[in-house]
Amino acid sequence: MTKKKVYTAINIQTPISQLILNGEKTIETRKYKIPEKYLGEEMLLMETPGKSEKFEARIIAIIRFDRCFQYKTKKEFYSETEQHQVTKDSIWAWKDGEKWGWDVKVIKKISPPLLLKNKRKGIVYTKDVTI
């Protein structure tokens, strides 16, 4: 019998979630730094549909964020487009304010994806998910 573990899940929209899962995106970008407590911690990748897809949010992988860093310039940010997959015409492009990078690594793919039944999902993080 497999021992169950409690995780925090981070919500990431498709198609970005698929880019992470397939190893094409190795830096997640946000307007804020990752909370320190999540650095180095295994987390669940909860794939969410965004506005264009029609499916229930689902767990697709166990991931880990190993490093968080701030981009100082747009030039620096766009020099790493291959790693973060954010182009200048993307809805996630750097417009104003700060831009942070989080090195992300897939620890284990979960197939088939797991649906969370009767679990209240947070906007960014969903806590206390047992798998």
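## A pair in the sheet

Let's start with R64, which stands opposite K105 in β5. Strands β4 and β5 run antiparallel, and eleven bridges join them. Strands here are DSSP E runs of at least two residues and helices are H or I runs of at least four, both numbered from the N terminus; two strands count as paired if DSSP finds at least two bridges between them.

This is a predicted model, so local features need pLDDT of at least 70 and side-chain atom pairs count only at pLDDT 80 or more, while totals for chains, interfaces and linings use all residues. Residues are numbered from 1 along each chain as its sequence is written, and side-chain values use heavy atoms, with hydrogens and water left out.

## The whole sheet

Zooming out, six strands make an open sheet with mixed pairing, in the order β2-β5-β4-β3-β1-β6. At the edges are β2 (27-30) and β6 (125-130); each has a single partner strand, so one side of each is left without a neighbour in the sheet. On average, neighbouring strands are turned by 45° against each other, direction ignored (axes are lines fitted to C-alpha atoms, for helices over the stretch in contact, and angles run from 0 to 180 degrees between N-to-C directions).

## What's packed inside

The largest nonpolar core has 18 residues, and I10, M43, L45, I63, F65, W102 and Y125 touch the most other members. β1 (6-13), α1 (16-21), β3 (42-48), β4 (58-70) and β5 (100-115) each supply at least two of its residues. Apart from this core lies another, of ten residues, including M46, I62, I110 and L116. A nonpolar core here is a set of buried Ala, Val, Leu, Ile, Met, Phe, Trp, Tyr and Cys residues joined through side-chain atoms within 4.5 Å.

Which residues does I10 touch? Leaving out residues up to four places away in sequence, I10 touches R30, M43, L44, L45, M46, I63, F65, W102, V124 and Y125, where contact means heavy atoms within 4.5 Å.

Two cis peptide bonds are worth a look. One runs from T14 to P15, with omega near 15°, and P15 lies in the loop between β1 and α1. Another joins S111 and P112, with omega about 0°; P112 is in strand β5.

Then there's positive phi. Q85, not a glycine, has a phi of about 65°; Q85 is in the loop between α3 (81-84) and β5 and is partly exposed, at 31% relative accessible area. D128, also not a glycine, has a phi of about 55°. D128 lies in strand β6 and is exposed, at 56%. For relative accessible area, buried means under 20%, exposed over 50%, and partly exposed in between (1.4 Å probe, protein chains only).
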